[in-house]
Amino acid sequence: MRQQPETRRQQIIDAAIQTLAEIGLVDFTFNAVATRADISPGLAVHYFGDKDALLEAAFRSVARKLNSYAAARLRLAEGPRARVEALVDAHLGAEGFTEDVARVWLSFWGQALHAPKLARVQKAHQQRMLSNLRYDLRQLVTPSEVGRLAETIAAMIDGVWLRSAMAGGAALQSGFARELIFDLIARNVGLKDAPPMDESFTTINPATGSVLATIKIDGAAEVNKAVSRAAAAQKLWAKTPGVERGRILHRAAALLVERNEALARLECLDTGKPIQETSTVDVLSGADCIEYYAGLARTIAGEHVDLGSAAFGYTRREPLGVVGGIGAWNYPIQIACWKSAPALACGNAMIFKPAELTPLTAIELEKIYLEAGLPEGLFQIVQGAAATGRLLSRHPGIAKMSLTGEVGTGRKVMVDAAETLKYVTLELGGKSALIVFEDANLDEAVSGALLANFYSAGEVCTNGTRVFVHRKVREAFLKKLKARTEAMIIGDPLDPATQMGALISPAHMDKVLGYIALGQRQGAVLLTGGQRVMTGALGNGAFVEPTIFTDCTDDMDIVREEIFGPVMAVLDFEDEAEVVGRANATEFGLAAGVFTNDLTRAHRVIAALDAGTCWINTYNITPIELPFGGNKQSGLGRENGRAAIEHYTQLKSVYVAMEPIDAPY
């Protein structure tokens, strides 16, 4: 069958790009292109006429592909700063930044100096990048800084491509360059450059779209006042015996349990999570945390060090002072408890900012602490978005910041905290692996995969969204998985029968649906789900079907990037060493899970996985007694367990002389 002209034309363009990548511009000829396209040189000449015309078409094809990928990434980004970072990621990420493309890019740029047509394509591509940067930077910095910052970011991106191309394509790691650019953005997009803060914001029920409350935003004056009050209260609290601190925390835990029903309903309305979750997990797990640290409060101590008959030493474990906490919107009250309980047990004061999407239950926690007997000012809530959070992370009166959030936010908090050398604990995102070996109990493995992907509508940082299944059991696993997923009940979060509620917001729903569409474009096969739920009253909310992709590859965006929604990617594997290597081939390291009946293999694989929180034959169980946190880009430090005590105290060493000083002068 004869090929259509456009198909043949694209075949020649693809061959030209391949030729440039392999042999470079100097040896680029119609004969070399024709050989790779398996056509006659005359046919290539027929379509393009001369070499410059073919080069122009190839350059346009490469630029179009990169621009298309950038546009897809921009559609997934929420807010101007996220869009700027998405544009950087698109130009330096794994899909666009490859050795072959870098070498082709160098050829085009070198030839653009001599070919006006290529120069026009190059200029159009650069203007598109600058236009996107300027558009979003206008909302982040003062007008006089927009052009300077946009030009600098674009120049850094271009410089990475050129340097990498000149070095053969791979000598310069784009990941490090991305970090440098993100640091540049963080240092230049500050509070002084940001638009004035709004005075208030509304919090919305994501299941219905109705307004729940209007919340006043706290600015610099309010944060300064909160820090002053906290500092005064903390001085007295630090002198309170641990046993008394524990009694007050015990009363707070009891009040949480007593008011579980009302708090769970409020959490349900604010997050869109089903009441069957919030009533059994969210509030009660927070109470468990407070109760645990109430018991530990009286045990916090240093150690005695024997230095012989002439001296001895001891250490004191002392509170840090005033600490700051920033919560995430997926587990609002639980996270507020996870951060405040160890901080208060250790003798600190805490100022906590809940996520602006879910501000309500933290207010109730503050009231409960006061009712339980906590001194006024010791635990305070401030409200707002990123600007309010930065006031905390930059404040010189705050000794430590603890954040639960996405990786990008963690970087910003760390940069801000560095100005005053604050302690930092970061519990960030993940793209965790769940591995199902051929000897696993498949019903249990399917249960684990469902919990690891669809609990809380998939909005869980530890979720095992990369499900690796051994080829021998793949079909049986998928059959069970599909049947049980399609039986899930999606509905009104207040209905006790509902198993999956709404996503946190319409904007986040659009982001998740964008990833689903991207997965299909990149060749993943949709096993089930993939649509917004519009049935009846659910059409007013942010509901998305639980979605499963099969035939996934490791380089797909839905496999590499955190989606934070009900989207599972299933991948095949053949042997243990292979799957461990692939599971670790990610910038994240928050969690991992293994399903197998071979316990020797289970422990061996868990030891080899680079993740901070792991499970064997279950998933997403987080008892307060076990430390929780991640490796690599998934965070710093640990929450929960006795390990958290180390992150909310500082050690003082004391040397005690028992004999006269032997002075030589």
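**Close-up views of a predicted model**

**View 1. Leu 307 sits in the loop between β3 (304–306) and β4 (311–319).** Helices and strands here are DSSP runs numbered from the N terminus (helices: H or I, at least four residues; strands: E, at least two). This is a predicted model, in which local features need pLDDT of at least 70 and side-chain atom pairs count only at pLDDT 80 or more, while totals for chains, interfaces and linings use all residues. Residues are numbered from 1 along each chain as its sequence is written, and side-chain values use heavy atoms, with hydrogens and water left out. Leu 307 counts as partly exposed because its relative accessibility is 42%. The cut-offs are under 20% relative accessible area for buried, over 50% for exposed, and partly exposed in between (1.4 Å probe, protein chains only).

View 2. The chain holds 24 helices and 20 strands. Its C-alpha atoms fill a box of roughly 95 × 75 × 55 Å along the principal axes. Of the 665 residues in the chain, 54% are buried.

**View 3. Helix α4 covers residues 51–76.** How far does α4 reach from its first C-alpha to its last? The 26 residues of α4 reach 38 Å, close to the 38 Å expected at 1.5 Å a residue. The expected span is 1.5 Å times one less than the number of residues. Look next at the start of the helix. There, a side-chain oxygen of Asp 50 comes to within 2.8 Å of the backbone nitrogen of Ala 53. Further along, the side chains of Glu 56 and Arg 60 form a salt bridge (3.0 Å, N to O). A salt bridge is a side-chain nitrogen of Lys or Arg within 4 Å of a carboxyl oxygen of Asp or Glu. Glu 56 and Arg 60 lie four residues apart in α4, so about one helical turn separates them. Glu 56 is buried, at 13% relative accessible area. Arg 60 is partly exposed, at 38%.

**View 4. Helix α10 runs from residue 220 to residue 239.** At 1.5 Å a residue, its 20 residues should span 28 Å; the end C-alpha atoms lie 29 Å apart, which agrees. Which residues of α10 are buried? They include Val 223, Ala 226, Val 227 and Ala 230. Ala 233, Gln 234 and Trp 237 are buried in α10 too.

**View 5. Leu 421 and Asn 640 each have a positive phi.** Most residues other than glycine have a negative phi. Phi of Leu 421 is near 50°. This residue lies in the loop between α17 (407–418) and β9 (423–427). Phi of Asn 640 is near 70°. Asn 640 lies in the loop between β19 (635–636) and α24 (643–647). Are these two residues buried or exposed? Leu 421 is exposed, with a relative accessible area of 75%. Asn 640 is buried, with a relative accessible area of 0%.

View 6. Glu 578 counts as partly exposed because its relative accessibility is 25%. Arg 582 is buried, at 18%.

**View 7. Glu 561 and Arg 560 form a salt bridge between their side chains.** The pair is 3.7 Å apart, N to O. Glu 561 counts as buried at 10% relative accessibility. Arg 560 counts as partly exposed at 26%.

**View 8. Arg 474, Glu 475, Asp 551 and Asp 572 are linked in a network of salt bridges.** In total, the structure holds 32 salt bridges. Val 473 lies in the loop between β11 (466–470) and α19 (474–486). It counts as buried because its relative accessibility is 11%. Val 473 and Glu 291 are 182 residues apart in sequence. Their C-alpha atoms are 43 Å apart in space.

Notes:
Polar contact = N/O pair within 3.5 Å; in protein donor to acceptor, adjacent residues only side chain to side chain.
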